[in-house]
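User: I have a model to go through. Can you walk me through what is in it, piece by piece?

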Amino acid sequence: MATGRTHRPATRSRGIPEATVARLPLYLRALTALSERSVPTVSSEELAAAAGVNSAKLRKDFSYLGSYGTRGVGYDVEYLVYQISRELGLTQDWPVVIVGIGNLGAALANYGGFASRGFRVAALIDADPAMAGKPVAGIPVQHTDDLEKIIEDNGVSIGVIATPAGAAQQVCDRLVAAGVTSILNFAPTVLSVPDGVDVRKVDLSIELQILAFHEQRKAGEEAAAGTDGGAPAVAARSESADQGPDGDVPAVMPA
């Protein structure tokens, strides 16, 4: 199966760990908010708190970028915005196609945060002939029959799959064969892709189930505390219980 474009993120060639890459968007979001308030500098402690990580981890992450800040002053906000944007590849325009324009696909198409973060929705694609030509977020929906031509004409390397689970793998195969090398998958299924293709999965139902687990555990702790004469519960939440292999709670989607 053809894997299409072979562009690789600069972060990999520079040896930046994947866990650090996953945190860079969190730092960028916090820094962008500071920039919008015309804040010139920020300390590692302040930025770490805004991004939801500890300051030691932040300083280590920034050391991979070659940015160490100035003692007693902190980090230059505008420079860090540029540096992280460049590292993430956001200083260029990334055309994106969304396949599957149901309720979720339409909501994604209407999301205003893509353009401000370096992504342009180049096309909306759906298998329903009745959808063809209908505008969603000002973009006419195109039929899946034209998927390969749309990918080629727009130079697309990032695809978003928002189809039902049963159609997702076939759509994925066609995207990859057409040259897409990065896929954001909202379909409730695991996709199989060849080497050289990156897939990020977003499953909202799984995230809700994890939250339900924690709610049930908290309720059990409260009930246990009530049976021992009202003594405070001593079982604290284990940090490792809901963290990733490197001790990070994985982010699902940037706000």
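User: Leaving aside neighbours within four places in sequence, which residues is Tyr-27 in contact with?
Analyst: This is a predicted model, to start with. In it, Tyr-27 is in contact with Leu-47, Ala-51, Val-53, Lys-57, Leu-58, Asp-61, Phe-62 and Ile-84.

User: Which residues touch the most other members of the largest nonpolar core?
Analyst: Tyr-27, Leu-31, Val-42, Leu-47, Leu-58, Phe-62 and Ile-84. That core has 23 residues.

User: Which helices supply at least two residues each?
Analyst: H2, H3 (44-51), H4 and H5 each do. H2 gives the largest share of this core, with eight residues.

User: What about another core, apart from that one?
Analyst: There is one of 20 residues. Ala-122, Ile-125, Cys-172 and Leu-175 are among them.

User: Back to H2. What span should it have, and how far apart are its end C-alpha atoms?
Analyst: H2 covers residues 18-36, which is 19 residues. At 1.5 Å a residue it should span 27 Å. The end C-alpha atoms are 28 Å apart, so the two values agree.

User: Where is the kink in H2?
Analyst: At Leu-24, shortly before the proline Pro-25. The kink is about 25 degrees.

User: Which H2 residues are buried?
Analyst: Thr-20, Val-21, Arg-23, Leu-24, Leu-26, Tyr-27, Leu-28, Ala-30, Leu-31 and Leu-34.

User: Take Thr-20. What does it touch, not counting residues up to four places away in sequence?
Analyst: Thr-20 touches Asp-61 and Tyr-64. Its relative accessible area is 2%, under the 20% cut-off, so Thr-20 counts as buried.

User: Arg-23 is on that buried list too. Which residue does it form a salt bridge with?
Analyst: Asp-61. The closest N and O atoms are 2.7 Å apart. The pair links distant parts of the chain, with Arg-23 in H2 and Asp-61 in H4 (residues 55-65). They are 38 residues apart.

User: Is Asp-61 buried or exposed?
Analyst: Buried, with a relative accessible area of 2%. Arg-23 is buried as well, at 8%. Asp-61 also turns up among the contacts of Tyr-27 and of Thr-20.

User: How many salt bridges are there?
Analyst: The count comes to seven.

User: Which residue does Arg-120 meet in a salt bridge?
Analyst: Asp-93, at 3.0 Å from N to O. Arg-120 is in strand E4 (residues 119-126). Asp-93 sits in the loop between helix H5 (77-88) and strand E3 (94-99). This pair is 27 residues apart and again links distant parts of the chain.

User: Which residue does Arg-174 form a salt bridge with?
Analyst: Glu-148, with the closest N and O atoms 2.8 Å apart. Arg-174 is in helix H9 (residues 165-178) and Glu-148 in helix H8 (residues 147-154). They are 26 residues apart.

User: What relative accessible areas do Arg-174 and Glu-148 have?
Analyst: Arg-174 has 25% and is partly exposed. Glu-148 has 34% and is partly exposed.

Note on methods
Residues are numbered from 1 along each chain as its sequence is written. This is a predicted model: local features need pLDDT of at least 70, side-chain atom pairs count only at pLDDT 80 or more; totals for chains, interfaces and linings use all residues. Side-chain values use heavy atoms; hydrogens and water are left out. Helices (H or I, at least four residues) and strands (E, at least two) are DSSP runs, numbered from the N terminus. The expected span of a helix is 1.5 Å times one less than its number of residues. The bend at a residue is the angle between axes fitted to the seven residues ending there and the seven starting there. Buried means under 20% relative accessible area, exposed over 50%, partly exposed in between (1.4 Å probe, protein chains only). A salt bridge is a side-chain nitrogen of Lys or Arg within 4 Å of a carboxyl oxygen of Asp or Glu. A nonpolar core is a set of buried Ala, Val, Leu, Ile, Met, Phe, Trp, Tyr and Cys residues joined through side-chain atoms within 4.5 Å. Contact means heavy atoms within 4.5 Å.
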